[in-house]
Amino acid sequence: MDKIKDYIKRKQREQKIRMRNRRAVFASLAVLTAASCLMGGISYAKYYASKYRHGIAVASGLYFNSNKLYTDQGDTTNIPGINTSGMMANVNGRKWTGGDLIFDIEVRNYDNNLLFNDSNLNVEYEICFMLTENPKGATYSVGKMEGSSETRVQALTRKNQVIKFTGGRLEGGTLNRETYRLTLHMDDQDIYNGARVLAVAYPVAPDYLYDPFNQQHRLVGLFQGVYSDAEMAVDTADFMVQGEDSYTADWRKAVEDLSGLIFNVRTIGDVAADENNTMKQEAYIRWNNKYLAVSQYDASYLAVKGTDGIWTDGEWTYMKIKTLPYTSVNVTFYKTQAFINDFGSMTKEEFENLADANMEGVW
């Protein structure tokens with residue numbers, strides 16, 4: 001019995017020793033694992049920080065946007081070689097009836113009020129403008145806006161001529177934008193061909209953003225002015241004497257007392273603040289040349305004298321005039337000898353129909 005008890009005690013001591021050894025091994029492994037993870041995390045953090053300093057890994061995205069241009073990755077070394085066949089054109093949102101049409105193009109360092117470039121990311125860029133067709137009937141220019149003033153204005157005159165603005169810079173840390181103005185001026189709506197303008201903007205610094213042959217942040221856009229004729233109509237066309245009280249009282253005496261007759265044409269249509277906002281439209285005046293002779297010093301007559309803007313068909317003479325909506329044009333006539341001879345038998349309606357005006361030139 002004593003031998004059996006001794007054997008059992010010895011086995012229990014050996015088992016306790018083995019358990020202590022296992023716990024020691026597990027504790028060592030845990031320490032080694034924790035140390036390994038800690039060292040690895042420190043190494044990764046050091047690597048990330050190093051890459052961040054070199055501009056390869058950043059905590060936020062790059063914002064290089066525009067109000068009218070869109071991102072289209074590609075080459076920036078050959079602007080005329082950019083394929084524009086599939087691009088939708090930016091067109092005027094309001095009716096353009098002549099004068100200046102303006103497109104303001106912004107280059108931005110933000111997506112919205114909350115998403116903009118960090119203070120350590122200042123973007124330098126270039127922007128180019130190019131006509132994709134030879135222009136007709138309009139002149140084109142581009143400039144950079146400095147406050148309310150346009151600076152560095154240059155003319156676009158021919159197809160594939162590239163105008164480049166360098167030195168663009170968008171400071172990080174806050175919302176920033178720079179504005180470029182494209183201006184189309186209508187010269188002759190009859191030959192205007194709607195030539196389009198291509199705009200291309202791309203970063204050039206920091207260096208890691210610049211890849212001239214495959215620019216991931218290239219912005220492009222097409223611009224085209226859509227012209228519309230000004231809507232205009234003749235509102236009234238009559239002799240000025242017809243509006244006088246003396247004409248109402250005794251129309252025949254009122255006409256007899258005048259040596260000359262002023263014929264007034266008033267137009268209505270699209271509102272024009274001045275002559276630069278709306279192109280002049282054509283209207284036509286006709287008069288019975290048996291009874292009326294136009295003054296040789298009349299401004300409208302002098303504008304078309306010797307041209308196809310005035311012609312005669314039997315007893316009627318026709319004159320083409322150019323005018324704006326909501327304007328008044330006066331043409332001075334003198335009485336012919338036939339007028340003096342026949343006036344006594346002329347009715348009021350016949351007198352008032354000696355001259356007329358419309359927009360079509362057809363009666």
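**Notebook: strands, rings and one asparagine**

I looked up how strand E6 (residues 138-146) meets strand E9 (residues 177-186), and found that 7 bridges join these antiparallel strands; helices (H or I, at least four residues) and strands (E, at least two) are DSSP runs, numbered from the N terminus. The model is predicted, so local features need pLDDT of at least 70 and side-chain atom pairs count only at pLDDT 80 or more, while totals for chains, interfaces and linings use all residues. Residues are numbered from 1 along each chain as its sequence is written, and side-chain values use heavy atoms, with hydrogens and water left out.

I noted that alanine 138 has methionine 186 in E9 as its bridge partner. I then traced the open sheet of 5 strands, which has the order E1-E4-E9-E6-E7 with antiparallel pairing (two strands pair if DSSP finds at least two bridges between them). Its edge strands are E1 (65-66) and E7 (149-156), each pairing on one side only.

Next I turned to asparagine 288, which is placed in strand E14 (residues 281-288). I recorded asparagine 288 as buried because its relative accessibility is 8% (buried means under 20% relative accessible area, exposed over 50%, partly exposed in between, with a 1.4 Å probe and protein chains only). Leaving aside neighbours within four places in sequence, asparagine 288 is in contact with Glu315, Trp316 and Leu354, where contact means heavy atoms within 4.5 Å.

Lastly I checked a charge over a ring: the charged end of arginine 286 sits over the ring of tryptophan 316, 3.9 Å from its centre (this requires NZ of Lys or CZ of Arg within 6 Å of the ring centre and within 35 degrees of the ring normal).
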